[in-house]
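This report describes selected helices and aromatic rings of one model. The sequence and structure come first.

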Amino acid sequence: MIALFVNYPEWITPYVINGLPIRWYAVMYLVAFAIAYALFRYQCKHDDYLRMTSDESQTFFFYGILLLLVFARLFSVFFYSDGWYYLTHPWMIFWPFRNGQFVGLPGMSYHGGVVGALIGGIIFCHFYKKKLLRITDTVVAGIPLGYTFGRLGNFINAELYGRVTAVPWGMVFPTAPGFSTEHEWVKEIADRIGMAYTPGSIINLPRHPSQLYEALFEGVILFLILWFIIRPWKLKKKLPDGTVFAFYLMGYGFFRFVIEYCRQPDADIGYVIALGKESDNIALFQSFLNISKGQVFCFIMFASGAILLAILLWRYRNGYREEADKPERRAKGKRA
């Protein structure tokens, strides 16, 4: 019988150099930031929509990235981990060592990163007298392409894998927990995909490579939509500041919400809303009415984008266009 699943590539290792505590995931983060910055500077130089010097851009990214990392970690700690432990041991939130070994910051929340980056942008715009929505429109147009590499880093780490599946491209991740063949559903899936087992044994079933789903939809496809459809439309039609940002919030929120049905919730959290007829096994998709905590944040993100877009279009239709029609003034002196 032909095996209808894919084994995780054995040649992939999470470390850049074996023996050194440098992971590909960290490198992918740097690549993501570099791509986002490069696309931001491209727009600053070629579009009349926003003009910022190189020094201003670097300061803006410094504020954004710093608070992105801080809030991404805080959200992970207090929404996805043992918040009480970290409240009583606050020094451990950003302490990169565990049991004498360097582990970095194990756990970062994307939604927390969005909040942190937005706060960083607000602080920058306050001190440098810039228009927040104009800057966010520019930066989010390129963020999804950088975000793609972050999810590739998750795949290299063999983490954030999806639920058990019988689709032909389902992948057996070495870090995923196994299941006993004493369960009927385990034997049924194993028989369906042609996976050999002995009665009573523990087997590692294939899962959705949800990291790659997210890299494709939340990364590449969302980037193509924002960069080649929404952004040109914004520049040509002179829609209000914040339009691209609103579509980014809605696009990411929608794609991530749907993909979460393929991604296994955290075992210690499970579903925060379980209205489906079955919700006892988080390793399997059982109902669209079973909602994870990540999906709740995604819904908030989508709703925020929709409300923002509605407000912007209402203001635009009612004659509030002066902010959208005036391009950002060039910085004094030579533009870097």
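Where do phenylalanine 124 and tyrosine 128 lie, and how many residues apart? Both lie in helix H4, four residues apart, which is about one turn of the helix.

## Basis of the model

The model is predicted: local features need pLDDT of at least 70, side-chain atom pairs count only at pLDDT 80 or more, and totals for chains, interfaces and linings use all residues. Residues are numbered from 1 along each chain as its sequence is written, and side-chain values use heavy atoms, with hydrogens and water left out.

## Helix H1

The buried residues of H1 (under 20% relative accessible area; exposed is over 50%, partly exposed in between, with a 1.4 Å probe and protein chains only) include Tyr25, Met28, Phe33, Phe40, Arg41 and Cys44. Among the elements covering the buried residues are helix H2 (54–80), helix H5 (132–140), helix H6 (143–156) and helix H8 (210–237).

## Packing of H2 and H4

H2 and helix H4 (residues 110–128) pack at about 145 degrees with axes 6 Å apart. Axes are lines fitted to C-alpha atoms over the stretch in contact, and angles run from 0 to 180 degrees between N-to-C directions.

Contact means heavy atoms within 4.5 Å. On the H2 side the contact includes Phe60, Tyr63, Leu67 and Phe71, and on the H4 side Val115, Ile119, Phe124 and Tyr128. The residues of this contact divide into 13 nonpolar, eight polar and one charged (Ala, Val, Leu, Ile, Met, Phe, Trp, Tyr, Cys and Pro count as nonpolar, Asp, Glu, Lys and Arg as charged, the others, Gly among them, as polar).

## Aromatic pairs

The structure holds 35 aromatic pairs. Rings of Phe, Tyr and Trp (its six-membered ring) pair if their centres lie within 6.5 Å; planes under 30 degrees apart count as stacked, over 60 as edge-to-face and the rest as tilted. Tyrosine 63 and phenylalanine 124 are edge-to-face, at 6.3 Å centre to centre and 80 degrees between the planes. Tyrosine 63 lies in H2 and phenylalanine 124 in H4, so this pair ties together parts 61 residues apart in sequence.

Phenylalanine 124 is buried because its relative accessibility is 0%. Phenylalanine 124 also forms a stacked pair with tyrosine 128, at 4.6 Å and 15 degrees. Tyrosine 128 is partly exposed at 33%.

Key. Helices (H or I, at least four residues) and strands (E, at least two) are DSSP runs, numbered from the N terminus.
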